[in-house]
Amino acid sequence: MTETNPATFNVEDWLTDAALPEESATIYKRPDVVAELTDLKRRIDISTRAADAEPTAGSKRPATLEREYEKLLRTFAGSALTVYVRALTGDELRTMKASHEERTKELTPADANLEFGFDLLAAAIIAVKPAGAKERTLTTFSTDQVKALRDAIGEAQMQLILAARQQAQNGVPTVDADFLHKPSGTEAGQG
């Protein structure tokens, strides 16, 4: 470990590429096709069992239903949008709170809190990446656009974005490398 002399350490240099924490959530604009996918899967399973009570390696599923299933699966996957959010600074939060209190002074406390949540989320959204895109696109959302998003995708998916914002704002940045390939072997230390 190298000791750093406080007299020679330049914090401004160190901060030149610093960034606030970010998180992301993937949502789908076509979750309606899940019901049809579920139905098709059930129909494929029934057709397969009816055609061959004891399936073998040579058994084939109904090709037409499978093609329809694959088409709908592509529709669902193609409707994905990854939403990127970032933590807000203390100054941003204080400014937003002051502005929000003035704007919502006529609302009930419950409605004012709900509006503030929309304001926070709008300010936290910094980028989106549609399915198939290689790069994310920087963006800004208005409070009305966040409300429209909620109305379009539903509360459950909106919770994914809210959880990402909460993690970016209050969580300790961590990286999960569990998906990386592990050395072969069943015991730690085996290679």
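1. Glu 101 is partly exposed at 45% relative accessibility (buried is under 20% relative accessible area, exposed over 50%, partly exposed in between; 1.4 Å probe, protein chains only). Lys 97 is partly exposed too, at 33%. Their side chains meet in a salt bridge, 4.0 Å from N to O (a side-chain nitrogen of Lys or Arg within 4 Å of a carboxyl oxygen of Asp or Glu). Helices (H or I, at least four residues) and strands (E, at least two) are DSSP runs, numbered from the N terminus.

2. This is a predicted model: local features need pLDDT of at least 70, side-chain atom pairs count only at pLDDT 80 or more, and totals for chains, interfaces and linings use all residues. Residues are numbered from 1 along each chain as its sequence is written, and side-chain values use heavy atoms, leaving out hydrogens and water.

3. The structure holds 14 salt bridges. One of them joins Glu 22 and Arg 136, with the closest N and O atoms 2.9 Å apart. This pair links distant parts of the chain: Glu 22 sits in strand E1 (residues 22-28), Arg 136 in the loop between E3 and E4, 114 residues away.

4. Strands E2 (residues 80-86) and E3 (residues 125-130) pair antiparallel over 5 bridges (pairing needs at least two bridges found by DSSP). Thr 82 has Lys 129 in E3 as its bridge partner.

5. E3 also runs antiparallel to E4 (residues 137-138), joined by 2 bridges. The hairpin they form has 6 residues between the strands, and Gly 132 in the turn has a positive phi of about 90°.
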